[in-house]
Every structure is written in structure tokens, then in C-alpha cells.
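Hello,

Here is the structure I promised to hand over. My notes on what turned up follow below it.

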Amino acid sequence: YRKVTTINKIYRFEKSYRIFAGIMSGSNVLIIEDEEKLREVMVQFIGMEGYHVFEAATAKAGFKKLEQEDIDVVVCDVKLPDANGVELAGKIKTQYPLLEVIVLTSYGNIPNAVQAIKNGAFDYLTKGDDNDKLIPLINKALDKVRLQKRILQLQKQVSEKFTFDEIIHKSKIIDAVIDLAKKVAPTNASVLLLGETGTGKEVFAEAIHSGSKRNTQPFVAVNCSAISKDLLENELFGHKAGSYTGAVKDAKGLFEEANHGTIFLDEVGEMSQDLQAKFLRVLETGEFIRVGDTTTTKVDVRIIAATNRDLLKECDAGHFRLDLYYRLSAFQITLPALKERPEDIELLVKHFVKISSAKMNKPTLAVSQEYIEKLKCHQWKGNIRELKNVVERSVILSDSDTLATSSLPYEMQVLIKDNPSAEKALELASVEKCHIQKILMLSNGNKSQAAKILGIGTATLYRKLHEYELE
């Protein structure tokens, strides 16, 4: 830190690595240093490594930053205007146990260093003599932070198991699905869950894991369609140091994270053919090769896959490997669409009302029977996920203690029971209503001008205004 040129000494990594490190870690570093010039230098060269850097001149300002930002590592001076850095490290660790603190001083002494470590500091450095050590030390501290967060996440997953008893239903069709899932759960067999988007495939995957002998081990879920094809292999299998620019050290993939537990691969039909071959090898041998590696890594993982595609048709079209399909589909479970289980809608609605009311800080709202009947008439192309969104919208809009049909989207409010063609017709009516509203706004409420723009007679416009309750 003696000269600003120290930046050039520490700034040795490639630009692409610095960007990669910042993006991959999303890490935030807080500098607490009262010397302004030194603080500016530190902010600059740590920022060059791709980290988001925040700064403070006092302990009080530092704590304010900790309240405002999600900080991973704190680098603080020992001598601050309003605190001693060694004592400050202990206070920070007490309030924010997951972050790490590196203490800096101009005059290193062993008692201070020992006390800093006792107070929970990650390490203790002397300014000037250890310029080259700070960035590697921050990297090591961040590794520890990421590991602690991952352990906490896995512990949370283990403690919050989703069991078969928590699957909300009263329909016989779901009873049959649960019976199948319960039979396969205690085994190590791979399972393929089929069904439309939003039918609860991940919920069943978690329940199968909870009902297995692996239930104390990790459950790791990944959506294959949410990650680009180029990154999915790295995400699943990890990489070897030096395998590509920015890969500065070995990294585990999700298969290793799930070792001895279960991995859930949602939308498995989106996987590229090259990756399908490597996935097939894991299924058959429990082995894979990390990106850039030459040796195999062995894991013991139970695989549950899911898709909303017809994989046999995908095989015929040459998009999915037939051998992988047969290996995956040894035990298939098909989840029914929500429209096939209308008797479950009322239970699901009340469950989502309870969740949404708590989220909105409202007392749990009652639900009118008319509201339920309207929902039972809907086709639910988005299944349970769509139902959840509709209920949440209703809770937000409701001004009373009971959910009424007036809080539903217009096309649901006017649904006619037992008339499957009504919904398609009403979709068109909804579009027409919205269009008329827009034209009325453009014409500042002038109905004659609006009718002219719409190309209809004024009498026709008045009739539609009455029909759509826009008067």
C-alpha cells in the first residue's frame, strides 16, 4: 500500500478471469479504512478483481453498509476513529456470522493477531509487507463464505422435507399417483415424472426423496431449460482448473453436490445430445468426467427426471437418445392436469389463500363458493402454478374479508359452467373489451369518435359498453 503503483503489482490476472470471478461469485467486499487515499487504492485494486467493493471510513459507517448490503468479506483497519478493528471483528461476526473479516494494521504484533483470530477474524495482515497476500486471502475467505452458505442451504433442505402427507388433494387420481410414488420411493430406481408444466413434478420429486433412505442427504434440483446448453455440462459435472479461461481451481458440479442424495433434473428433454450421452454414463456407471479433466469421478446419486415433452416422439425426431429414454423410463409416473382433478381446486385455493394472506400481511381471507365454482370452470392450461398466481392476485385486489368473483380476471368472472367452448369465445370477448377501453382512452371518452375509429355505429358501441359494463 506504500505506493499507488502497488495496483500494478497485484493486478496480474487476465481481464476475462476478473469478470468471470465477479459474475460467478457475485461477491461483495467492504473496506473499513479511515485513511482516504489508502482506502481509494484498496477499492480500486480489489474492484479490478471483479468484486463489488463498498467503503466506509468508520466502524459506524461500516455497520450501516452491512445493514444495507449483502456483504461477504470485510477488510478493516485496526485503528479506526471510533473503534478498534480487533474488537470490531468480534462484533461483526456476532451479528453477521456467515461473513468473514480480515484485519489490517500498520504495526503487526502477535497478541493482536491472536486476539483477532479469537474474535472470529478470518486472518490478520500487516500493511506494506503483505501486499501480495490480500487478494488471495480474500479469495480464500470467499470460498469459506460460499461453503458456509451452501451447507446452510442443504441443512435447510433436509429440515424442510416435503412429504407425501403434505400433498394437498382429495381426488382418487392423485391417490393413485401417490401410491405409485410411495412404492418406488424406498428403492434406488430412477424415476421419470411426466405431465404438463405446473402439475407439481418437483413437489413429487421432493416427496419421493423424503420417502427414501437418502432423506438425510442433499436433494438438488436443476431446471435443464433454465441454463444455456454451453453452461449446463459445467453446472452438472463441474470443471478442472485450467479447463477454460477463468477456471482457476477445481469446481464441483451438482452431481457431486448431490452425492449420496438425490438429483432432480427438470425439463430433461431440453438436454443436448452430447450431454445426453454423458448423462447416460452417469445413469449406468455412476461415473462422469469433469470439464477439462481426464480422470473419472464416481458418485452415488439417485436420479429423478421430469419433462412435459413426449420423449418417444422426441426420440423419433432424433432429438432424444432412445437408450437414455429406456434407461430413464424404467419407472414412469404421470401427473394429471389440474382440469382432470377439479375436486382438488377448493383445497388448493384455501391453501394458497393462507400463504398469500400471510405474505400480504392480511388476515386469512374466506372464500365464497361462487368464487370456487368459477375456478372449477376454467381450463387451467398453467395448472397449479396458474391457480396459485390467480389466487395471489385475488388476495391483493380483495378489499373485504372474503374472496369474491370480482377479484378474478374478467374472462374467469364470466365463465359458463359445463360449456367448454365458452372459454374460447370469452377470450375473444376479453380482447374486444380491452380494445374498446383503449380506443375510449385515446378519444378522451368521446363515444362518437371512438365508434368512428372502431368502424362501428354509435348504437353498436353503446350496446357493447353495456354488455362489457364499461358505461
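Cys224 counts as buried because its relative accessibility is 3%, and the cut-off for buried is under 20%. Cys315 is buried too, with a relative accessible area of 13%. Please keep in mind that this is a predicted model. On disulfides, a search of the whole structure finds zero.

Now the cores. The largest nonpolar core has 31 residues. Leu236, Phe255, Leu265, Phe279 and Ile303 touch the most other members. Helix 12 (residues 273–285) gives the most to this core, contributing five residues. Leaving aside residues up to four places away in sequence, Phe279 touches Phe237, Phe255, Leu265, Val268, Met271, Ile303, Leu324 and Leu328.

Next, helix 9. This helix spans residues 201–210 and is mostly covered, with seven of its ten residues buried. The buried ones are Lys201, Phe204, Ala205, Ala207, Ile208, His209 and Ser210.

Last, the surface. Leu312, Leu322 and Tyr326 form a nonpolar patch there. Together they have about 300 Å² of accessible area. Tyr326 lies in helix 14 (residues 322–328). Tyr326 counts as exposed because its relative accessibility is 53%, and exposed means over 50%.

Best wishes

Technical notes. Residues are numbered from 1 along each chain as its sequence is written. This is a predicted model: local features need pLDDT of at least 70, side-chain atom pairs count only at pLDDT 80 or more; totals for chains, interfaces and linings use all residues. Side-chain values use heavy atoms; hydrogens and water are left out. Buried means under 20% relative accessible area, exposed over 50%, partly exposed in between (1.4 Å probe, protein chains only). Helices (H or I, at least four residues) and strands (E, at least two) are DSSP runs, numbered from the N terminus. Patches are made of residues with over 30% relative accessible area and no salt bridge: like charges are joined within 9 Å, nonpolar side chains (Val, Leu, Ile, Met, Phe, Trp, Tyr) within 5 Å. Accessible areas come from the Shrake-Rupley method with a 1.4 Å probe; for residues, only the protein chains shown count as cover. A salt bridge is a side-chain nitrogen of Lys or Arg within 4 Å of a carboxyl oxygen of Asp or Glu. A disulfide is a pair of cysteine sulfur atoms within 2.5 Å. A nonpolar core is a set of buried Ala, Val, Leu, Ile, Met, Phe, Trp, Tyr and Cys residues joined through side-chain atoms within 4.5 Å. Contact means heavy atoms within 4.5 Å.
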